[in-house]
Structure formats: structure tokens, C-alpha cells
Amino acid sequence: MTELSQTIQTAVSLLTPYAQTVDYPATNRADLGVGVADLVTAVSTLHESNWGYLAAITGLDCGLESSELEVLYHFCAGAAVVTMRVKVGKETAVVPSICPIIPSASFFERELSEMLGVTVAGTPNTARLFLPDNWPAGVYPLRKDFQPEMINGR
Amino acid sequence: MHTNEHTQKAETFIVPIGPQHPALREPGHFEFTIEGEIVTAASVRLGYAHRGIEKGTESRNWVQNLYMLERICGICSHIHATAYCLGVEQLAGVEAPPRAQAIREMVAELERTHSHLLWLGEAAHEAGFETLFMYAWRDRETVMDILEALTGNRVNYSANLLGGVKYDVTGEQASKIEQGLDYLEERTRHYLDVVTSDPVFIQRTRGIGVMTAVQADRLGVVGPTARASGVVRDVRVEAPYAAYTAFPITPVLAQAGDLEARFVVRLRELFESYGVIRRILANLPPGELVLKRMPRRIKAGEAISRVEAPRGELFYFIRSNGSDTPDRVKVRTPTLCNMASVLTLTVGRHLADVPMILVGIDPCFSCNDRGLVLKRGADHEHWTWDRLRQIGLDYYAGERGSGGVGGTSISPAPLPPCPPALLTGMHV
């Protein structure tokens, strides 16, 4: 257990300069709020220290009453999971691409942008990955305001 | 001659592969740019089997989602359900009883066995080694029968419940499993020998699709694909879940990083699975199978659940807003991580190596139910596997009798009448 908490602490101390909030939702997890402007530097700091690997990018719609989306970057090292949480406005949902640092993030970023409508600035490939070619532009299925009529009623 | 070579190099073609049957029976579309025989660029388009399941979870309750998520994949169905149950239990602040956790692990290892044997057959088929394909799938029936005896189903075993499992293991079943494992162990040893010694097969695997440990790490690959390149990435070892602390496994590694190593790792992993299943059967913890009470509404919060599917790390992110339906279920399957390696590893190789490199990551494709329900008006009749097998035997015996197969006639013999049952409601 001490080894696990040490692993988490290593990541947290590396990311402290960029973290707006730090939370520990479970014994094996740390959840850090990071500003959009700091994201690339924070990811690159973790990556350059060889701390774990990027396991997934999750996009979240915070609800109909909220004007925000969250983008979660999950990094895993052994049992430890460190999440960087970036908040963006629904109307101006733009995050920078982390592909220059971690090329394998490309699939995750493509999924994020087509499902949640988050523009990933500078991502090498913006072609659709999962949704059909005739899916209407500007309709994002994982947004909470999505209704099936948006695709059927074309 | 020189002019020909020159022309070949100057011309670039794009070879589209898929979406139907891109080497495997699963839809996916690849575009390989080739110069002569050599691939110079590759791209992929997925989504042909996209069913909107993540969105679907938002309109179903916690229990309904268990059954839907189990159907994401027909091969690794149990592990999806396990990842989901462990995540929801974590959010609810409960833990399934030890006996349930051990049964979860046992079914997961049986599932890995059937998945790896299925893959062995499929990979052998891609290499044109049809005999190995047939034998591997014949032997896979042993583990399918075990799964059916345990849970009543060959796929979508539905062994999990939120807070436990549905099925116990009886003494009779345990001895049947032991027998099956003995047989499979002997066969797996034989297959390991075949894939490392058959000179023709080795030409298709040795030194092909090589991925170094550094590349594997950079590409973010997971599971056996990573372990064949010497990268220890196994959730069962790194972050033990279910009963993996009580019944641990040793990760299987290889250093070569080529296709042969991926065969060796998956086959050697089977011995680990057989070993751990035997240990679980011998030391199954006593007690309940399921929690007395599992809340219908799950406390608000976020959980991350990671498990080792046959193809590698399966990652679930689950968020609850305190109601009886989840706010978000994010599923990141191992194939998405491993797909990037196909695009990288095929570049610089011959086009002919593409199917083998693709199959080398064991991309996840749905397997089918053999269940057959006859619909005659309102009547339903269930056919047992044995009866279905007998119909198959009778069918072909009749065909041989009519001189159609192996006969001297040049014109095709008329097909014997199809049994009426095969015309309706069959899921092939």
C-alpha cells in the first residue's frame, strides 16, 4: 500500500504546479483539476518522468443545467490512476491536442470530438472514427441535450 | 528490368480493405497505401458495429445496464459485466462475497481460455494453416461445454449480478472442469510445439510485425500484445481485482515482440489460466454467492474499474448522480489501444503480412450463439446441441449417399432438402 501511495504522491507532486484542485476519490486514485492552458505542460511533465501511460480520455457532459463539459485524462501506473480534469465551456469547447507528446492519443481525441463536440486543437486526424459518414454536423450523441430526432428528423 | 522497378517505385496505390471481412469476420475499414508490395501508410475507419451503448446506459437502470454491457462483445462478455459490477459495487460502497469473487475469476479465466483458443484458430486460418484452425476450434468446444454446464450458456454467460454471482460450482461440475482442463493442457502443449516448430508456419510469424518494448510503451498497447514485447502490462498482476489477490497469476512475457511471440504468450498464458482455475476449484471460499442487499439507487460519485480482458486492459469509468440510472458509463476496450499498433507495424511490410499483423493483436469480433428457437406459429421448440449435431451428421450422411460429394459426376449434385428447422430463426 505504501508503494501505491508513493506512486500517487510522485505524480501529484509533479503536477502540483498545474493543479487547481487535488482530490483523492479512492486509495488508488488522485483527481486533479487542471486549467486548459496548463494541460499540455502537465501531460508532458508526467510523460517525461515516465510516470505510467495514458489509459483513456473520458468526455463528460455535466448536465443540462450546466454550461460546462469536462475532459478527463486518465493515466495508470500499476494500480495507481491519476486523472487530470479539464473544464471547458459547452459553447467554446476547445482543448489542445496531446498527440505531439503521446501519439497514441489520436483515437481517444477523435472519439472525444465526435461524441462530445469538443474541438481538439492540433490533433493530427480529425476524420470521423465511429459515427457514420451521413451523421449530421453539430450533433453530438453524448451531450445530454441529444435527442434521437436530431438524426431522424433530417 | 530496371525500368520495371523504376515504374513500380514511382507508382502509389491505395488498397482499401474492408469494411466487410478485413481479414476477420468483423467490420472495419483500412486503407493501405502501397508502393509495389510495400505498405507506406495505413489508416483505419471504425464504427461499423457502433451501437450507441454508452449513450444507451443513460436511459437504463443499473441492473438493466449489466445485461446490455455484457453484450458489447460475444467473446469477452463476462469481463465487461465484471468490470461494470466491480465499478458499481465500488460506488455503492459494497463488496461481493469472497466465493462470488472467486467464481468471477474462474469464469473470467475460462473465458480467456475459449478466447485464446478461438484466436489461435483464427490466426492459423489467416496464415492458411487450416488444420490447426480446425483442431483448435474442436478443442475449444471442451471449454465451451464447461461454460455451458456452469451457466447454461456458451456466450453471454450472465454469471454476474450486482453484488455477486448467479451460479455456484457443484462437486460434479468441478470434476468435469478438471477433466476438461487436463485435456486442454495436453492439447495446448501440442499447439505450443506446433507454432514454434512448424517451418512453414514460422515463415509467417517469426520476425514479422516486430514491436520493441519501447514502441509498445509509446503506442500504448495492452494485454498479450504488450506482453509479447516484454512490457509487463497485466491488470490481474498490477491491480488485482475480484479474487486475484487470493488466487494470483504470474504474467507471461516474451521479448521477441514479433507475431511468433504473440502466439507463444497467448498459449503460455493458457497454462496460467488452467493452473489458477484448478487452485480456485480446490480452495473455493465458503459462503454466500450474492449480497443480501444491493441498493437500487447508487450513491453519487465516480468510479474507475480496470480488468484484464483476454485482449488486455479493459477500462470502465462510471459516474452516478445518485439516481437509479448512471450519469455516464465510459468503456475503453483493449482493441482501441492495440489498433494503433497495426497502423504502425504494417508500414514498411509487405501487403501480404497485413492480415497476420492485424490478427496478431486479436481484434475483438463477435462470436455467435448456436441457440436455435423454432417458431411455428405460437409454438417454440428448443433444440439441444446434441440434437443439432445429430441433424448435421444425418444431413451430410444423406448428401454422401446421393453421390454429391466425392462422386464422379461433374455437374453439381442437387442439394438434399434442407431440414425445415434450418430455414427459420437460425443464428449462424
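Two strands are taken to pair if DSSP finds at least two bridges between them. The exercises below concern a predicted model.

**Exercise 1. Strand pairing in chain A**

Task: Determine how strand E1 (residues 19–23) of chain A runs relative to E2(A), and how the two are joined.

Solution: 
1. Count the bridges. Strand E1 of chain A is joined to E2(A) by 4 bridges. The criterion for pairing is at least two bridges, so E1(A) and E2(A) count as a pair.
2. E1(A) and E2(A) run antiparallel.
3. Locate residues that face each other. Val22(A) has Leu32(A), in E2(A), opposite.
4. A hairpin of 5 residues leads from E1(A) to E2(A).

**Exercise 2. The interface of chains A and B**

Task: Describe the interface of chain A and chain B by its residues in contact, its buried area, its polar and charged pairs and the elements that supply the side of chain A.

Solution: 
1. Begin with the contacts. On chain A, 40 residues are in contact with 31 residues of chain B.
2. Consider the area. The two chains bury about 2900 Å² between them, and 55% of this lies on carbon and sulfur atoms.
3. Examine the charged pairs. There are 6 salt bridges between chain A and chain B. In a salt bridge of 3.2 Å, N to O, the side chain of Glu111(A) meets that of Lys330(B).
4. Assign the side of chain A that touches chain B to elements. Strands E2 (29–34), E3 (53–61), E4 (68–77) and E5 (80–89), together with helix H3 (106–116), each supply at least two residues. The largest share, 8 residues, comes from E3(A).
5. Sort this side by residue class. It has 23 nonpolar, 6 polar and 11 charged residues.

**Exercise 3. Salt bridges in their setting**

Task: Locate the partners of the salt bridges Lys90(A) to Asp61(A), Lys144(A) to Asp327(B) and Lys292(B) to Glu288(B), and state how accessible these residues are.

Solution: 
1. Side chains of opposite charge can pair when their charged atoms come close. Over all chains, the structure holds 37 salt bridges.
2. Take the pair within chain A. The side chains of Lys90(A) and Asp61(A) meet at 2.9 Å, N to O. Lys90(A) lies in the loop between E5 and strand E6 (94–96) and Asp61(A) in strand E3, so this pair ties together parts of chain A that are 29 residues apart in sequence. Both Lys90(A) and Asp61(A) are buried.
3. Take the pair across the chains. The closest N and O atoms of Lys144(A) and Asp327(B) are 3.2 Å apart. Because Lys144(A) is in the loop between strand E7 (119–121) and helix H4 (149–152) of chain A, and Asp327(B) is in strand E8 (residues 326–332) of chain B, the pair joins two chains. Lys144(A) and Asp327(B) are both buried.
4. Take the pair within chain B. Lys292(B) and Glu288(B) form a salt bridge with their closest N and O atoms 3.7 Å apart. Lys292(B) is exposed at 76% relative accessible area, and Glu288(B) is partly exposed at 47%.
5. Look for a network. Lys144(A) and Asp327(B) belong to a network of salt bridges that also includes Arg29(A), Glu70(A), Lys55(B) and Arg319(B).

**Exercise 4. The surroundings of His116(B)**

Task: Identify the residues in contact with His116(B), leaving aside neighbours within four places in sequence.

Solution: 
1. His116(B) is part of helix H5 (residues 98–126) of chain B.
2. Judge its accessibility. With a relative accessibility of 1%, His116(B) is buried.
3. List the contacts. His116(B) is in contact with Pro224(B), Arg266(B), Glu269(B), Leu270(B) and Pro310(B).
4. Compare sequence with space. Ala136(B) is 20 residues from His116(B) in sequence, and the C-alpha to C-alpha distance is 9.6 Å.

How values were computed: Residues numbered from 1 in each chain as written. Chains lettered and ligands numbered in written order. Predicted model: local features only at pLDDT ≥ 70, side-chain atom pairs only at ≥ 80, totals over all residues. Heavy atoms only, no water. Contact = heavy atoms within 4.5 Å. Buried area = accessible area lost by both parts, 1.4 Å probe. Salt bridge = Lys/Arg side-chain N within 4 Å of Asp/Glu carboxyl O. Polar contact = N/O pair within 3.5 Å; in protein donor to acceptor, adjacent residues only side chain to side chain. Nonpolar A, V, L, I, M, F, W, Y, C, P; charged D, E, K, R; others polar. Buried < 20%, exposed > 50% of the residue type's maximum accessible area, 1.4 Å probe, protein only.
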